[in-house]
Amino acid sequence: MASSSKMETDEAQEEEVEHFDDFTLASPWEKFISDIEAVCRRWIADGPKNLLKKDAREVSEEFYKVKYELKFALKSYCMEYYFGSKNDGNDMVWDSRLHDLQLCFGVKDFLVIAPQSASGVVLDAPEASKLLSAVAIALSNCSSLWPAFVPVHVPARRAYIGIQNMGTVFTRRFEADLIGSQVPVKLMHLEGLYELFVSKFAYSTLDFAVHLFKVHFTMKLTYRSLPHDDDDVQGADADVIESGDDLGGDMHYRTQWDDDCPWSEWYTAEDPVKGIELVALWSEKVVESSMEMAELENSSPHEAEKWILSPNMSSTLTDSSEENRVGFASQLCLLVDALNTSFEAQFMEDFVSVENPGSDHLKSSMVIPPPTVIDRVLKELFHDGARFCSFASGERKTSRIKAAPLESLFAQFCLHSLWLGNCNIRAISVIWIEFVREVRWCWEQSQTLPLTPAFGSIDLSTCVICQKLHMLAICIERKRQLNEEFQDCVASMDHSSPRTEEDGLDEGSDESCIMQTPAENLDGKRDSPAIPDDLQDSEQCVSRLGARPEHATVSADLKPLGCIRRGSAGVTGMMLLNSYQSMHAPFTQEPPLMTEDMHEERLQAVEALGDSLNFSAFLEREVLTSDMSAFKAANPDAVFEDFIRWHSPGDWERDITNESGSPNNPTTEGPKDDWPPRGRLSKRMSESGNLWRKIWNDAPALPASEQKPLMDPNREGEKILHYLETLRPHQLLEQMICTAFSAAADTLAQTNYGGLKQMTTKLDQLYLTMTSALRPLQANRLSAHTDTIEDIRRLSGVFEHVEKLLIIAASLHRKFLQAPRLSEAIFRDCCNFYFPRMGTSSSGDNAPKEFEKQQVVTMNERPVVSNMFTPPTANQSWRKVLSLGNLLNGHEPVLREIIFSKRDKVSGNHYAARTPSAYQDELETYRMYICGTSNDLRVALSVVSCD
């Protein structure tokens with residue numbers, strides 16, 4: 001046992017002796033350097049292309065970074081390598097895409113190592129120096145020329161220290177810091193900043209104002225237009241009140257920027273272009289004294305080499321949350337919600353009735369507007385807006401959507417409803433009930449229906465409610481005309497009754513009355529349903545002259561005595577079959593007006609009962625009777641076959657072998673020598689029991705002016721009102737949504753945005769999207785919680801995006817009215833930036849969160865941009881101390897950035913034999929970047945030394 005334990009002890013001693021310790025990694029600091037070196041070698045070996053394929057993240061446009069976590073002395077550090085995908089030259093000195101350290105020190109690719117702490121900076125100076133030394137040694141071991149930086153002090157100071165190995169000869173050291181307050185007055189001027197830079201390489205005992213030092217200088221000034229000052233407006237109003245002057249109609253009122261925009265009648269939009277930011281760049285020049293710097297400070301920004309403009313856009317443009325929705329789109333979303341709720345009741349009154357048990361939750365969640373608001377809306381619709389309206393003013397872009405035209409009564413009702421009570425179903429119910437009551441009042445009082453034409457045919461491309469209102473306006477007009485004619489008739493009878501014995505019809509008056517009849521409306525086929533007074537008088541003359549047929553001649557044709565031709569519109573060119581007379585076309589009544597639902601009812605009846613000739617004649621019995629009566633009155637000797645030849649030429653089969661007339665023209669049958677015309681009725685017209693012939697036999701010979709009107713305005717008007725009063729809620733909301741979307745789009749399309757092509761394209765695309773999304777609502781087969789409602793909600797989101805872009809286009813057009821190239825270029829950038837982001841919560845972590853696109857201002861556009869910087873008011877001037885110089889219309893720059901540099905030739909020094917070829921000509925030995933406002937000053941210095 002003792003021998004075995006002894007052997008184990010010897011083996012353990014041998015293992016300890018044979019163990020090899022690597023004393024090159026003797027300390028944790030050296031191990032830390034080795035880890036940094038390994039990471040750097042891997043990054044160098046991969047190169048930018050491979051790093052982009054791996055885990056590189058985009059910092060800005062064409063600028064990326066990779067990072068690696070390290071540990072040293074119980075602390076964690078993060079080392080980041082920043083690199084660009086392109087190797088740009090020194091012309092990028094003022095590029096807005098540059099990283100802060102690139103701008104401060106003039107470097108390209110670089111490393112940053114910082115502790116993983118809350119502050120992200122190294123607060124201890126020895127620790128910062130040790131950390132920077134470790135990175136410098138590791139980069140030297142890799143033969144890398146990357147500069148390395150360490151953030152120090154506190155984050156608010158944005159202070160850095162750094163180092164760069166430039167080869168075997170030169171080393172560049174970096175340092176940056178910030179003066180956050182109490183900037184010395186001398187350093188607020190270019191002269192003092194110039195002397196600060198010179199003091200870094202000149203002897204401190206020299207008088208900088210006397211000696212000349214060649215220094216390279218370039219400058220960038222940033223100006224921002226002042227926002228609208230509320231205090232100025234209030235101050236101006238206060239002055240007016242205190243003065244007590246009676247300005248009458250010239251009283252100053254604050255106006256909004258969009259007061260003359262088409263949407264201003266409904267809402268006020270926030271100006272998306274809050275202001276503009278102008279950057280004036282001075283090209284690099286050599287200065288030799290502080291006097292030159294003083295002259296530069298007094299120079300105008302118009303002397304700058306380049307102007308760069310960027311708009312300050314509102315941050316709400318990409319926010320589509322409910323609280324930030326504005327304009328028509330916000331209310332259209334609420335209208336869609338009302339449609340979804342409308343299926344809960346059968347009548348609109350149910351949503352406001354106290355007896356409806358299901359309305360309790362509606363009352364608690366939905367507010368209805370007060371009566372004063374309802375009265376104001378009705379007053380605007382029926383009294384203030386009671387003007388003539390014509391739907392035929394031009395082609396509507398929304399003609400494919402079954403909606404009411406923008407200027408129609410129903411369209412205006414829909415637009416007003418959008419802004420009542422958050423557009424909930426109860427508010428819509430209240431305003432609709434009052435709207436129908438007002439329409440009935442117009443009907444009962446025979447008052448003209450506002451914003452609705454009282455003539456013309458029904459436009460079936462509009463919604464049914466609009467068609468009904470149009471038809472009701474026509475009924476009101478005809479009802480009023482009938483009332484006036486009745487009153488005139490009663491008055492004429494009262495005046496004529498005492499003189500019946502004295503009144504007589506002399507021969508001249510009879511002839512004049514008879515000759516008026518065929519002369520009325522010879523340019524048309526049909527009489528107007530409203531009978532003119534002069535035509536009515538002539539008809540009375542004809543009826544009174546029934547005992548005197550010799551004076552009733554209205555045609556050159558020879559007719560037997562007792563045959564009086566009445567209601568003729570002229571000769572047709574054909575001959576009657578049974579008499580050697582020309583056929584006359586009669587004046588006929590207009591067919592009765594019909595809305596879309598009336599057409600559908602007839603179509604359904606035809607489909608259900610068949611489409612035979614007799615059934616179609618039964619549906620058109622009143623029209624056929626009217627036309628046959630008028631034809632008989634104009635052609636007393638006509639027969640049924642004559643009417644068919646005139647009314648339905650296709651049902652008259654001519655015998656072309658015995659007639660010389662052209663077979664291609666059924667209305668001309670050759671000269672009178674070919675009389676009588678030869679032919680026969682078609683098979684369907686010659687069948688026994690044909691309803692057309694029965695109607696012909698029963699029809700009296702009456703001209704259209706003496707017939708009963710085909711449309712009874714009283715009956716049709718009451719039917720229309722019954723339709724409006726009993727309309728189902730979901731049917732009303734479906735038509736309201738189509739009309740509201742259409743009217744809102746047509747309103748926005750009236751905006752003057754300078755004809756920007758991209759905006760025009762967006763509007764055209766919106767109309768196409770609306771047509772597709774709203775088509776299911778026109779089928780009247782919608783139910784609650786369907787995919788169609790979700791599609792319309794998405795449509796409101798698309799509408800919101802286009803509406804925001806349109807507001808941007810209008811704002812840019814106003815601001816750059818004299819510089820259209822700028823407005824078009826800025827709007828193009830806005831479309832590319834905002835449209836992909838609208839409606840999304842985020843666009844990726846690396847995507848820029850703010851609009852940063854810039855445009856170069858040409859020399860011709862500079863006066864336009866300069867005038868946008870209006871001189872500050874007295875209230876605005878005292879807020880800032882004008883200290884930086886280079887004023888633009890009284891505006892000092894909000895930010896001044898300067899780069900001083902000194903270049904030396906190094907080929908003649910004692911290191912020339914070892915100087916790399918890249919530094920044989922000149923080397924930037926000193927560089928100072930200065931960024932300052934009137935309140936702070938940041939300075940970044942880089943110095944090259946020979947080590």
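Is the crossing of H24 and H25 left-handed or right-handed? The crossing of these two helices is right-handed, a crossing being right-handed if the near helix is turned clockwise from the far one by less than a right angle, and left-handed if anticlockwise. The structure is a predicted model, in which local features need pLDDT of at least 70 and side-chain atom pairs count only at pLDDT 80 or more, while totals for chains, interfaces and linings use all residues. Residues are numbered from 1 along each chain as its sequence is written, and side-chain values use heavy atoms, with hydrogens and water left out.

Helix H24 spans residues 787-815 and helix H25 spans residues 820-834; helices (H or I, at least four residues) and strands (E, at least two) are DSSP runs numbered from the N terminus. H24 and H25 pack at an angle of about 160°, with their axes 10 Å apart. Axes are lines fitted to C-alpha atoms, for helices over the stretch in contact, and angles run from 0 to 180 degrees between N-to-C directions. H24 is therefore roughly antiparallel to H25 (angles over 145 degrees count as roughly antiparallel, under 35 as roughly parallel, 65 to 115 as roughly perpendicular and the rest as oblique). The contact (heavy atoms within 4.5 Å) involves Leu-805, Ile-808, Ala-809 and Leu-812 of H24, together with Ser-823, Ile-826, Phe-827, Cys-830, Cys-831 and Tyr-834 of H25. Nine of these residues are nonpolar, one is polar and none is charged. In this division, Ala, Val, Leu, Ile, Met, Phe, Trp, Tyr, Cys and Pro count as nonpolar, Asp, Glu, Lys and Arg as charged, and the others, Gly among them, as polar.

H24 also packs with helix H22 (residues 729-749), at an angle of about 10° and with the axes 11 Å apart. H22 and H24 are therefore roughly parallel to each other, and their crossing is left-handed. Among the residues in this contact are Phe-741 and Leu-748 of H22 and Phe-799 and Glu-803 of H24. By class, the contact of H22 with H24 has nine nonpolar, one polar and one charged residues.

A further partner of H22 is helix H8 (residues 327-341), which packs with H22 at an angle of about 170°, the axes lying 10 Å apart. H8 is therefore roughly antiparallel to H22. Residues of H8 including Phe-328 and Leu-332 meet residues of H22 including His-730, Phe-741 and Leu-748. The contact of H8 with H22 has 13 nonpolar, two polar and one charged residues.
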